[in-house]
Amino acid sequence: MKLAMPRITFWKVTAAVFLLGGLAATIVRFGWGLGAATNLTDITPWGLWIGFDVVTGVGLAAGGFTLAGIVYIFHLERFKPIVRPAILTAFLGYSLVIVGLMFDLGRPWAIWHALIYQNPHSVLFEVAMCVMLYTTVLALEFSPVVLERFKLHRALKFVKAITIPLIVLGILLSMLHQSSLGSLYLIVPQKMHPFWYSPMLPVFFFVSAVAVGLGMTIVESYLSARAFGKTLETPLLRDLARIMLGVLLVYFTMRGIDLLRRDALHLLFEPSFETSMLYLEVSLMLIIPLLLFNIRGWGQTRVGLFFTAFSMVLGFVTNRLNVTLTSLESYYRENFGTSYFPSAGELIVTISIVTAGFVLFALAVKYLPIFPEHEEETVLRIGDAPDRSSAPPLEGTPAAELRRH
Amino acid sequence: MSHAILVDLTLCVGCGACTTACQQVHNFPEKENPTLDDKNFTTIRTVTENESGDEYYVRKMCRHCEEPACASACLVGALTKTKDGAVTWDTNKCIGCRYCMLACPFDIPKYEWSSMSPKVRKCTMCYQERHLTADMELDDAGYVLDASGERVVIEGREITAEDRDTIIELTTNMDDNRASACSVACPMEATVFGERDQLLAEAKRRILESPDDYVPRIYGQKEVGGTSVFYLSNVSFESLGFYTNLENSSYPDKTWRVLEKIPDIVVTAGVALGAVYWITNRREDVKRYEEEIKSKRSKKKA
C-alpha cells in the first residue's frame, strides 16, 4: 500500500517556518515572561499584540457581520455565495484574537475573572463580553457548514430555524464590539496625537470596520480562487468593491469634518512622522483603491478588484496601528524620551498567528463546503484554471443551491 | 472621611526619607535613586529649572484621583476608590491586561514585567497598613488575623506579628494618628497626611499668607476632576515636568458617556434591523406570490 506524500510547496514551507518561529517565541513568552519576550515597558504598556492581534484582528473579521447583514437582513440574495467564506474568516479571526489575547494578558488563566468581577464602567469589560458572545454567535452561524458535512440533519434544522435572530444578534454585537475598540482610547485624550484622538473614535471604528469587512471578502475570494480554484463571480465582487468605496468616502468625509471641528487641519501641512503616517493611511485606504478601481478595463477585473481591496485592507491595518501605536509616540518621546517598536518575539508571534489563520482557512476550504461548487464553464469563463490536485471534489455541496438564488 | 496628602515642594530638601519609608513599609528592597516601578511606589526627582538654573525636588506618587481613570478602566474592578480617599487594588482580581497603565493620566500603575504571574502595582496611600492595629488576633503560626478570622494579606504578603509592629510604627505620626509612611517619615513636613478638605484649606492658606513664596495654583485641586494629592510650588508646575495639558473634568466620564448609551443603541439598532428584515422579507413574499399568480394565469391561457 502506498501512502500519498502531501505535495511540498513554497507556501507550505514558508508557513511551517513561521509557525516554528512562533513556537520558539511562545516558549520564550510563557517560559520567561512578558518582560523577556516583548519590548513593552511601564511607559509603553500596550504594543503590537494589542494594536494588531486584537484591535486590527477584530476589524479584519468584520466581513462576517457585514455580509450576513447584506444577505439576510437586506435580502440581497445574490451575495449569498460569499456569506460562508466571510463568516469563516470572522470565526477564525475571532478565535485568533483570543489566542493573541492569551499572549498579551499577564495572567491569561484568570481571564474568567471578567465574568464574575464585572465592571460595567470599563470599556474593556464591554470588549471582553463582545469577544466572548460574538465568538459563540459566529460558531453557531458557522455550524451549518460542519453539520452539513457530517449530515447531522436535526441539529442543522434547529440552527437554521434560529438563523435570523442569530444574524441580528451578531450584527448588534459587532456594532458594539467594533466601536468599543475605538472607545478604549477615549480615556487618553492627552496622550494621543490629534490626528487620531477624537470623541468620534467609536463611530470611526465601526464605519471603517464595515468597509474592511467588504475589502477582506474580496481579497479572500481572489486568493481562494488562485489557491483552490474556488471562484466567485466577478460582478458580485465588483458590487462589493463599489459599496466599500462608498463607505470609505463617507468615512473620510467624517474624519475630515472632525479634524476641521477640532482645529487640527493645519497639522496636515506640518511635516512630521505622524503626518507621513496619516498620508500613508489615507493613500492606502482611500486614494489608491479609488484610482485602481477607476482604471478603465483593468480596475474591475478580478485582479484589479483584488488590488483595490488589498490596498484598502493594508490602509485599514495602518489606521489601526496608527491609532494604537503611532498616535502615542509623541507622548512617549516628549515626556520620557523613549519610543516603542515591537521586539522580534512580538513580531514572530503576530506573524505566526496570521499564518495560522491562512492555514486554518485553507484546511476549512479543503474539507468543508465553504465555497459553492461551480460548473466548469463558469470557472473557465473567468479565466482561472482550477487546480484539481489541491481541490478534491466536495461532498454534499449541491451546486443547485447556488442556481436557485 | 476622605484622606489626602499635601506635598509642599518649597519645603522639600530631597533627603529621600519618604522613599525609604515607603520601601520599608512595603517590604521592598532598598534602592538608591529608585525609579517608579513594581517595587517602588514613590520617587524624588531633581529638576533643574530652565530659566534660573535652580534645582528643585519633585516627589512623584499616585495622586489617588477623586474619579480615577484606572479604576474605571479595570475590567475586573480590581482598582477601587475607597471612602478613605485611597485608590486601592486587589491583587487577586488582576488579570494583567495593563489598561489601567494606559488610562492613568499620571502614568502611575507599574507592572511586574519579570514575573510569571504579573500583576499591576501602585501606591495605596498605605490603606491596609493604616488599618492594622496592635490588638488584632494572631493564629498559631503567628500571623495576624482580620475580624473574620482570615490571615491579613497585604500585597500578597501575609503579615506576622513582627511585620505588624514595624508597619504600625512606620504609619503612626507624632500626634499618634495613623498616616501614610511617607508623610510620617518626612522631617520637613513637606509631605503631610490629613483630611482632604482641611489640607485643601491649608494649601490655600499658605498661598494667601505668603503669595511671594508660591505660584497661585494647587496642583491636584482641579486636574482630572480633582485628586487626593495636592502639590504646592514656587515655580511653574510646567517647568517641573508636571502635566499641564490635563483637563479639569473627570476622565472616566469620557468613556462612560459612550458606554451608558449601549442599551439605547442595542434597542434602536435591533428594532431597525428587524424592521428592515420585515420589509425586505415581505417584498420577497409579494414577488413570489405575484409570480405564482402569473404562472397560473399563463397555464390557464394555455
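1. Let's start with B:E155. This residue is buried, with a relative accessible area of 14%; buried means under 20% relative accessible area, exposed means over 50%, and partly exposed is in between (1.4 Å probe, protein chains only). B:E155 has its place in the loop between β8 (153–154) and β9 (157–158) of chain B. Its phi is positive, about 50°, although B:E155 is not a glycine.

2. A word on what you are looking at. This is a predicted model, in which local features need pLDDT of at least 70 and side-chain atom pairs count only at pLDDT 80 or more, while totals for chains, interfaces and linings use all residues. Residues are numbered from 1 along each chain as its sequence is written, chains are lettered from A and ligands numbered from 1 in the order in which they are written, and side-chain values use heavy atoms, with hydrogens and water left out.

3. Now chain A as a whole. Chain A has 16 helices and zero strands. Of its 405 residues, 56% are buried. Among the contacts in chain A with a separation of 6 or more, 80% join residues 24 or more positions apart; contact here means heavy atoms within 4.5 Å.

4. Look next at a helix pair, α4 and α5 of chain A. Two packed helices are described by the angle between their axes and the distance between the axes. Helix α4 (residues 63–73) of chain A packs on helix α5 (residues 80–104) of chain A at an angle of about 155°, with the axes 7 Å apart. Axes are lines fitted to C-alpha atoms, for helices over the stretch in contact, and angles run from 0 to 180 degrees between N-to-C directions. α4(A) and α5(A) are therefore roughly antiparallel to each other; angles under 35 degrees count as roughly parallel, over 145 as roughly antiparallel, 65 to 115 as roughly perpendicular and the rest as oblique. Their crossing is left-handed, a term used if the near helix is turned anticlockwise from the far one by less than a right angle, with right-handed used if clockwise.

5. Which residues make this contact? From α4(A) come A:G63, A:G64, A:L67, A:V71 and A:Y72, and from α5(A) come A:K80, A:I82, A:V83, A:A86, A:I87 and A:A90. By class, the contact of α4(A) with α5(A) has eight nonpolar, two polar and one charged residues. Ala, Val, Leu, Ile, Met, Phe, Trp, Tyr, Cys and Pro count as nonpolar, Asp, Glu, Lys and Arg as charged, and the others, Gly among them, as polar.

6. The loop between α4 and α5 of chain A holds A:H75. A:H75 has a positive phi of about 55° although it is not a glycine. With a relative accessible area of 12%, A:H75 is buried.

7. Helix α5(A) also packs with helix α10 (residues 201–228) of chain A, at an angle of about 105° and with the axes 10 Å apart. That makes α5(A) roughly perpendicular to α10(A). A:I82, A:P85, A:A86 and A:T89 of α5(A) meet A:M216, A:T217 and A:E220 of α10(A). This contact of α5(A) with α10(A) has four nonpolar, two polar and one charged residues.

8. For another pair, find helix α1 (residues 10–32) and helix α14 (residues 344–367) of chain A, which pack at an angle of about 135° with their axes 8 Å apart. α1(A) and α14(A) are therefore oblique to each other. Their contact includes A:F18 and A:L19 of α1(A) and A:I348 and A:V349 of α14(A). The contact of α1(A) with α14(A) has nine nonpolar, five polar and no charged residues.

9. Finally, where the chains meet. In this pairing, 55 residues of chain B are in contact with 57 residues of chain A. The area buried between the two chains is about 4,800 Å², and carbon and sulfur atoms give 66% of that; buried area is the accessible area (1.4 Å probe) that two parts lose on being put together, summed over both. B:L75, B:L102 and B:W113 supply 16% of the area that chain B buries against chain A, more than any other three residues.

10. Is A:S183 buried or exposed? At 2% relative accessibility, A:S183 counts as buried. A:S183 lies in helix α9 (residues 163–183) of chain A. Leaving aside neighbours within four places in sequence, A:S183 is in contact with A:V123, A:P202, B:Y99, B:T255 and B:V258.

Note on methods
Helices (H or I, at least four residues) and strands (E, at least two) are DSSP runs, numbered from the N terminus.
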